[in-house]
Amino acid sequence: MYLHSIQITNFKNYGQADFTFSEKVNAVVGDNGSGKTNLLDAIHYLSFCKSFFSAQDQQSVKFDEDFFAIHVRVLR
C-alpha cells in the first residue's frame with residue numbers, strides 16, 4: 001500500500017492543496033516556510049489522529065478559518 005494522493009484544506013498554512021505521490025521514491029522540496037513540514041504533519045495526522053507538533057486540533061486550523069480537512073487516496 002502507498003499514499004497515492006492527499007488533499008489538504010485549511011491545515012496550518014495550506015488553504016487548499018493537492019499532492020500526488022509516486023509509489024517509489026518521493027522528495028519534498030521547497031523554500032523555507034513553504035509548507036514542507038506541514039505536509040508531513042498532515043500525513044502524520046492521518047496516521048495517529050493528532051498533530052506531531054500541536055496537542056490541540058484547533059492549533060492546526062489555518063488562521064481565520066473554522067475547520068481543516070485532510071483527504072487521501074491509498075492504493076495497493
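**Entry 1: the core.** I looked up the largest nonpolar core and found twelve residues in it: Ile6, Ile8, Phe11, Tyr14, Ala17, Phe21, Leu39, Ala42, Tyr45, Val61, Phe68 and Ile70. Strand 1 (2-11), strand 2 (14-20) and helix 1 each give at least two residues to this core. A nonpolar core here is a set of buried Ala, Val, Leu, Ile, Met, Phe, Trp, Tyr and Cys residues joined through side-chain atoms within 4.5 Å. Buried means under 20% relative accessible area, exposed over 50%, and partly exposed in between (1.4 Å probe, protein chains only). Helices (H or I, at least four residues) and strands (E, at least two) are DSSP runs, numbered from the N terminus.

**Entry 2: the source.** The model is predicted, so I note that local features need pLDDT of at least 70 and side-chain atom pairs count only at pLDDT 80 or more, while totals for chains, interfaces and linings use all residues. Residues are numbered from 1 along each chain as its sequence is written, and side-chain values use heavy atoms, with hydrogens and water left out.

**Entry 3: aromatic pairs.** I searched the whole structure and got five aromatic pairs. In one of them, Phe11 and Phe68, the ring centres are 5.1 Å apart and the planes stand at 65°, so I call the pair edge-to-face. The rule: rings of Phe, Tyr and Trp (its six-membered ring) pair if their centres lie within 6.5 Å, and planes under 30 degrees apart count as stacked, over 60 as edge-to-face and the rest as tilted. This pair links distant parts of the chain, with Phe11 in strand 1 and Phe68 in the loop between helix 1 and strand 3 (69-75), 57 residues apart. Phe11 is buried at 0% relative accessibility, and Phe68 is buried at 18%. The rings of Tyr14 and Phe19 are also edge-to-face, because their centres are 5.8 Å apart and their planes are at 80°. Tyr14 is buried at 10% relative accessible area, whereas Phe19 is partly exposed at 24%. I also noted a cluster in which ring pairs link Phe11, Tyr45 and Phe68.

**Entry 4: contacts.** I then listed neighbours, where contact means heavy atoms within 4.5 Å. Beyond four places in sequence, Tyr14 is in contact with residues including Ile8, Phe19, Leu39 and Lys62. Ser60 lies in the loop between helix 1 and strand 3 and is buried at 0% relative accessibility. His4, in strand 1, is buried at 19% relative accessible area. Not counting residues up to four places away, His4 touches Phe19, Thr20, Phe21, Arg73, Val74 and Leu75.

**Entry 5: the salt bridge.** I found one salt bridge in the structure. The side chains of Asp41 and Lys12 form it, at 2.6 Å from N to O. Asp41 is in helix 1 and Lys12 in the loop between strand 1 and strand 2, 29 residues apart. A salt bridge is a side-chain nitrogen of Lys or Arg within 4 Å of a carboxyl oxygen of Asp or Glu. Asp41 counts as buried at 1% relative accessibility, and Lys12 counts as buried at 17%.

**Entry 6: Leu46.** Leu46 belongs to helix 1 (residues 36-48). I noted that Leu46 is partly exposed, with a relative accessible area of 34%.
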